[in-house]
Amino acid sequence: VDAMRITNRVEYPMKETWRETVLEYQRPGRTRDVSTIVSAPGKEPTVAQRIFTTENSYIYMGDKWMTMPASQDPVALIDEALRLNTSAKRLDSAHRGRQVFQELEGTEDLDGKEMQVWVQNDIKVFLEGEQVLGTQRTWVGADDGLVYKMVREAQSDKGHERATTLYEYGDVTIEIPEA
């Protein structure tokens, strides 16, 4: 995988709050993450944005970009994690794991691609101070074995949480900001 975008959105419908993080990766050495948080109903979102290269970190603060030398190489860490998680051996192992821990619910079209939809109904979720059981559905490309979408949901008398993670592969361009 040379480029990818992972969007993770966690919603709390009973509280009318949510948070979303978009992580983009472009080989050989750029990442960007944008986090948005709505902490109360009707409140304006708080947005934070960072870009990392192997040499510098760029952080958007207020209304301008700040440049700092990279104290570590987060791009190398992400690259290694992606290499491990998208290797043929890892995908095969994950597929066998899905067959053990999840049930194949069926097939479905997602953005023009055929997907296998796997479901697990006994996911343990920590929600409002208690552990509850939730459900997770995972959409896996029928042809390439890559994960494209995951939706985890749990509900109790105290709360409701829905987490959606989308995976997009290729076609990511990260521009270095002018400081």
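Predicted model: local features only at pLDDT ≥ 70, side-chain atom pairs only at ≥ 80, totals over all residues.
What share of the contacts in the protein between residues at least 6 apart in sequence join residues at least 24 apart? The share is 38%.

## Overall fold

The protein contains two helices and eleven strands.

Of the 179 residues, 34% are buried. The protein exposes about 10900 Å², and carbon and sulfur atoms supply 49% of that area.

## The sheet

The eleven strands form an open sheet with antiparallel pairing, in the order S6-S5-S4-S3-S2-S1-S11-S10-S9-S8-S7. Its edge strands are S6 (64–69) and S7 (103–110), each of which pairs on one side only. From one strand to the next the twist averages 15°.

Within this order, S1 sits between S2 and S11. In a regular strand, side chains alternate between the two faces of the sheet.

## Strand pairings

Strand S1 (residues 3–12) runs antiparallel to strand S2 (residues 17–26), and ten bridges join the two.

## Salt bridges

The count of salt bridges comes to twelve. One of them joins Glu24 and Arg5, with the closest N and O atoms 2.6 Å apart. Because Glu24 belongs to strand S2 and Arg5 to strand S1, this pair ties together parts that are 19 residues apart in sequence. Glu24 has a relative accessibility of 7%, so Glu24 counts as buried.

Another salt bridge is formed by the side chains of Glu128 and Lys15, at 2.8 Å from N to O. This pair links distant parts of the chain, 113 residues apart: Glu128 is in the loop between strand S8 (113–127) and S9, and Lys15 is in the loop between S1 and S2. Glu128 is partly exposed, with a relative accessible area of 34%. Lys15 also counts as partly exposed, at 42% relative accessibility.

Arg152 and Glu161 form a further salt bridge, in which the closest N and O atoms are 2.5 Å apart. Arg152 is partly exposed, with a relative accessible area of 26%, whereas Glu161 counts as buried at 8% relative accessibility. Separately, salt bridges with shared partners connect Arg9, Glu11, Glu20, Glu153 and Arg162 in one network.

## Arg162

Arg162, a member of that network, is located in strand S11 (residues 160–169). Its relative accessible area is 25%, so Arg162 is partly exposed; the cut-off for buried is under 20%.

Leaving aside residues up to four places away in sequence, Arg162 touches Arg9, Val10, Glu11, Pro13, Val151, Arg152 and Glu153. For one of these, Arg9, the sequence separation from Arg162 is 153 residues, while the C-alpha to C-alpha distance is 8.1 Å. With Glu153, Arg162 makes a side-chain polar contact of 3.4 Å.

## Thr138

Which strand holds Thr138? Thr138 is in strand S9 (residues 130–141). Is Thr138 buried or exposed? At 3% relative accessibility, Thr138 counts as buried.

Its side chain makes a polar contact of 3.5 Å with the side chain of Gln136. Beyond residues up to four places away in sequence, Thr138 touches Gln102, Gln116, Val117, Trp118, Val147, Lys149 and Met150.

Terms used:
Residues numbered from 1 in each chain as written. Heavy atoms only, no water. Helix = DSSP H or I, 4+ residues; strand = E, 2+ residues; numbered from the N terminus. Buried < 20%, exposed > 50% of the residue type's maximum accessible area, 1.4 Å probe, protein only. Polar contact = N/O pair within 3.5 Å; in protein donor to acceptor, adjacent residues only side chain to side chain. Contact = heavy atoms within 4.5 Å. Areas by Shrake-Rupley, 256 points an atom, 1.4 Å probe, with all protein chains shown as cover. Pairing = 2+ DSSP bridges. Axes fitted to C-alpha atoms, helices over the stretch in contact; angles between N-to-C directions. Salt bridge = Lys/Arg side-chain N within 4 Å of Asp/Glu carboxyl O.
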